[in-house]
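Please work through the following exercises with the sequence and the structure in view, trying each task before you read its solution.

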Amino acid sequence: MMKPAKFPMSRILSQGVVLCGVILMLSGSLATTARAADEPEFSTGSNEVLIKEIDQLIRRSWNDNLIKPSEVASDGEWLRRVYLDVVGHIPPVEVAREFIKSKDPAKRSKMIDQLLDNPDYVRNWTTIWTNHSIGRGFRTRGDRDEVSRLGMDKFYREVFARNRPWNEVVKDIVTAEGNFEENGAVNFILAQMEMPDEGVQLTADFTRLFLGIQVQCTQCHDHPFNDWKQDQFWSYNSIFRQTGKDIQRKYDEDSGRMVVDFVEVTWRNVDSQEVFYERRNGEVRPAYPVFNSHKINPAPHVDRRQEFGELLQKDEDRMVAAAMVNRMWGHFFGYGFTKPVDDMGPHNPPSHPEVMELLTSSFVESGYDVKQLIRWIANTEAYNLTSQFNKENEIDNPAAGEIPLFSHMYVKALEVEQLYDSLIIATNAHKTNSRNFEAAEQQRQRWLGEFITLFGDDENDSSTSFNGSIPQALMMMNGELVTRATSLERGSFLSETIASPGDDVAKVKEIYLATLSRYPNGRELSSISKLFRSSGPNKAYAYQDLLWALLNSNEFIVNH
Amino acid sequence: MNLPVPDGMNRRHFMRHMAAGATILPAMQFIDHVKANAQTVRKNQKACILLWMSGGPPTIDIWDLKPGSKNGGEFQPISTKGDMQISEHMPRTANVMDELSIVRSMSTREADHGRGRYFMHTSYVPNPTVIHPTFGSVVSYELADTRKDLEIPSFVSVSGNSMGPGYLGMGHAPFVVQSNGQIRNAGRSNETGRLGQRLAMLGEIESNFINSDRGDFPKAHQEVYQKAVNLMTSEQMQAFEVSQEPDQIKQMYGVTGGAGGMGMGANRFGEGCLLARRLVESGVPFVEVDMGGWDLHNDVFNTLRDQRLPQLDQAMSALVADLKQRGLLEHTVIVWMGEFGRTPRINQNVGRDHWAASWSSVIGGGGLKGGQAIGATDKDGIGIESQSYVPGNIWATVAHALGIPLDTVHTSKRGRPMKIANGQPPIAELIG
């Protein structure tokens with residue numbers, strides 16, 4: 001099992017030279033295909049030392065596992081991916097055209113910087129964190145809703161627009177009090193307090209989302225796979241016991257009934273210093289407010305959430321930082337360093353502990369700078385590889401339960417918001433709609449609402465665009481959204497494309513680029529042409545059928 | 001070209017289209033499962049119909065009356081064909097109570113709508129570490145292999161969303177339809193005859209991606225689309241067309257309005273029950289029909305007398321009689337329940353509030369013993385004076401009736417073994 005015997009260095013090198021030459025000649029792309037496995041050559045154009053260090057560490061894991069990385073993704077594939085991951089939708093057709101054409105060797109790192117300043121960056125990350133925090137329900141303010149999506153959105157919009165330090169954000173969330181629209185941060189807590197349960201849900205979700213650990217396993221018993229004891233859950237829980245909720249109702253003349261006016265998170269007086277929990281053997285034990293080794297004064301007059309928030313902001317154990325780093329890596333790759341990203345702990349060691357450590361300490365040093373964290377991840381070599389695997393990295397398949405080695409990109413189903421916004425971008429509807437932003441936004445919320453009612457489940461963040469159900473396929477095939485996107489009305493993307501100068505091949509290419517951010521290959525072109533020829537007298541229908549097929553395809557509905 | 005163009009209702013369109021243009025031959029790999037007779041009655045296939053009373057029904061006014069108690073309320077009991085009495089406002093159902101049994105000692109501890117809904121559907125209390133499947137998903141999962149020629153979904157939820165499939169996966173999620181059988185986006189618009197052309201193009205694009213070595217997702221996507229197309233064009237879709245029923249049957253369920261000349265509008269719940277019968281007849285193993293409006297904190301007696309009970313009575317009695325007459329009742333279990341019952345005490349708004357400690361559900365058909373009242377509450381309806389039951393007992397009884405082994409264990413996404421019906425035993429009196 002010696003490496004040199006398996007991959008003769010000379011062969012790899014010579015192939016690399018030849019292939020590089022060909023590709024550079026053809027397209028001016030910065031792709032380097034087969035490379036010596038321990039000699040990083042790829043660069044997005046960024047000079048950051050940290051990125052090189054990460055690249056080397058990840059390369060080492062490829063060498064250790066005797067695999068060969070996939071090739072660097074084509075510009076089209078990578079652009080579509082980075083757009084979806086950073087701003088939440090596919091690239092507009094003109095951006096794709098320019099980017100593929102550009103010969104600037106630093107175009108990828110420049111694109112990342114550009115996207116971090118794109119207004120859709122704020123919108124995308126607001127959506128992501130609002131969904132993490134309160135789920136996808138509460139789309140429009142229902143008159144009985146005790147959670148405000150508007151408020152939560154407002155909070156995160158400010159967080160991401162100002163790029164606020166993440167440790168401060170976490171403190172704001174945990175210490176939040178007040179009105180659910182004035183202080184939107186309270187909505188995380190309110191969403192976990194829908195059912196009366198002594199803060200059990202709140203304990204479980206806070207620690208999972210912001211600390212990356214699953215203490216709920218210890219709600220009923222000691223952790224089965226590590227040395228966490230049952231009191232750990234109840235220690236966290238005791239911190240949240242002073243959390244109250246106050247619902248103000250008012251009479252609504254239209255409906256003739258009482259409706260929710262507003263909801264507040266309030267201070268709740270508790271007399272006892274401890275909470276009691278039951279061991280499996282029936283023994284009752286007390287737990288006190290403790291965060292790791294940091295004891296919180298259990299006296300009833302002390303605001304435990306406030307104390308906890310300050311400990312989180314200091315983050316001496318770097319749990320807040322590590323949780324964010326792992327989740328962020330998972331966002332970009334589909335898998336974090338642990339599976340799932342929010343189940344870290346001694347029972348579940350990370351796949352790449354050194355990378356994780358390096359990113360975590362750098363994130364802390366940066367002052368919990370979220371944009372900087374994204375910039376580092378998106379500039380890594382691993383993030384720039386294609387999603388196609390090769391003969392020598394087939395084992396790198398986390399979907400089959402393997403530890404991810406990041407030797408190729410993993411395919412992710414689009415989130416439902418990504419799907420909607422990408423359909424809009426692909427068919428240029430954002431341009432015709434821009435005159436009436438509000439109406440467009442209402443339409444978006446209505447569709448998302450319908451989608452989520454039909455397909456959403458109770459897990460806050462698992463509503464991807466494709467969960468394998470027939471109603472979803474029916475909705476894509478026959479629903480209003482795709483019907484509208486493929487409309488032949490005057491001014492629509494399709495009618496404009498058909499009316500534009502150029503032959504059928506040029507137009508088919510344009511439609512491919514608008515939807516899949518790539519041009520069709522030779523085989524596709526010839527079979528599509530064949531289908532065009534046999535499609536009857538109305539050419540417009542053929543185009544419409546093609547666009548329908550592209551929007552319904554497996555390639556469209558994934559980020560890869 | 002992997003996408004087969006399906007047969008079925010649209011086949012004629014395809015054929016005409018093909019004859020005209022001789023167009024899309026590559027896509028026309030008809031899969032060879034043309035059903036000569038889609039209406040074949042599958043009488044010996046087991047099924048379950050859950051009548052879900054959303055909001056929490058006051059069972060003390062329906063199934064377990066307390067005349068003479070301060071909690072008794074306004075209604076009187078009447079005798080039935082079974083060995084028990086029920087509310088005077090359920091006269092038609094009284095006539096079929098020899099087929100159904102009442103479990104009068106449900107004690108289910110969850111008196112919040114969300115938690116009760118979860119508990120009653122799944123047999124498990126809500127738990128942050130795992131999402132349990134609703135029992136319809138369990139049945140779909142367990143019986144799917146016995147319904148190989150079923151082209152329509154094996155778990156249909158009528159007028160409500162039921163709950164999710166949890167760790168059993170989206171393939172066993174409820175397929176939600178309205179009571180008139182209308183399916184969202186089922187796409188009659190494709191009768192323009194262009195579906196074939198579209199699928200041909202889709203097949204081209206999808207195969208290209210499938211063959212590009214990117215894992216299992218691209219293929220899985222294609223398979224779901226195949227199923228959806230099969231559904232769109234299946235003859236079995238006729239099962240959803242309640243309107244095809246003869247008038248006399250529609251009247252029986254109250255679909256056409258006027259429950260027994262009481263001047264009422266169309267009975268949507270009745271329509272849902274009729275749809276359930278059609279689906280069961282076509283081989284669907286689990287149908288849930290939702291009836292709302294039970295959260296009666298105010299004005300409970302007038303609402304029951306004038307609205308809820310006449311509708312429930314007509315629909316439920318029609319369902320039992322209709323199944324019986326078609327020879328389906330002995331293979332079809334009917335379960336009636338909601339999140340919880342309602343307080344024996346009548347509140348200051350002449351309503352009843354949430355109450356999970358002592359209430360009733362109803363179960364029958366599928367070979368279970370009917371005509372019994374199982375368990376008992378005390379004279380004021382507050383305490384239980386017998387063995388008490390939880391939803392797991394009901395679902396274990398259903399599993400038994402459907403032939404699903406009670407030692408069946410599923411595995412949660414975290415690898416935890418989960419017993420069917422939470423490991424509860426079935427109710428002995430019912431299976432005898």
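**Exercise 1: a helix and its surroundings**

The buried residues of H13(A) pack against helix H9 (166-175), helix H12 (230-240), strand E2 (243-252), strand E6 (290-291), strand E7 (294-295) and helix H14 (319-333) of chain A, where helices (H or I, at least four residues) and strands (E, at least two) are DSSP runs numbered from the N terminus. This is a predicted model, in which local features need pLDDT of at least 70 and side-chain atom pairs count only at pLDDT 80 or more, while totals for chains, interfaces and linings use all residues. Residues are numbered from 1 along each chain as its sequence is written, and chains are lettered from A and ligands numbered from 1 in the order in which they are written.

Task: find which residues of helix H13 of chain A are buried, and state why they line one face of the helix.

Solution. Begin with the term: a residue is buried if 20 or more other C-beta atoms, placed from the backbone, lie within 10 Å of its own, exposed if 12 or fewer, and partly exposed in between. In H13(A), which spans residues 304-314, the buried ones are Arg304(A), Arg305(A), Phe308(A), Gly309(A), Leu311(A) and Leu312(A). Seen down the axis of H13(A), these buried residues fall within an arc of 165° (the arc of the directions from the helix axis to the C-beta atoms), so they line one face of the helix. As a general rule, an α-helix has 3.6 residues a turn, so residues three or four places apart point the same way. Finally, the residue that follows H13(A) is Asp315(A), with a positive phi near 50°.

**Exercise 2: a residue in a loop**

Task: decide whether Arg214(B) is buried or exposed, and list its contacts beyond four places in sequence.

Solution. First locate Arg214(B), which sits in the loop between H5 and H6 of chain B. Arg214(B) counts as buried because it has 22 C-beta neighbours inside 10 Å. Two residues are in contact if their C-beta atoms, placed from the backbone, lie within 7 Å; leaving aside neighbours within four places in sequence, Arg214(B) is in contact with Ser387(A), Gln388(A), Val411(A), His560(A) and Phe209(B).

**Exercise 3: a sheet**

Task: give the strand order of the open sheet of three strands in chain A, and name its edge strands.

Solution. The order is E1-E3-E2, with antiparallel pairing, and two strands pair if DSSP finds at least two bridges between them. Strand E1 (178-179) and E2 of chain A are the edges, since each pairs on one side only. Ten bridges join E2(A) to the antiparallel strand E3(A), residues 257-267, and Gln248(A) stands opposite Phe262(A) in E3(A).
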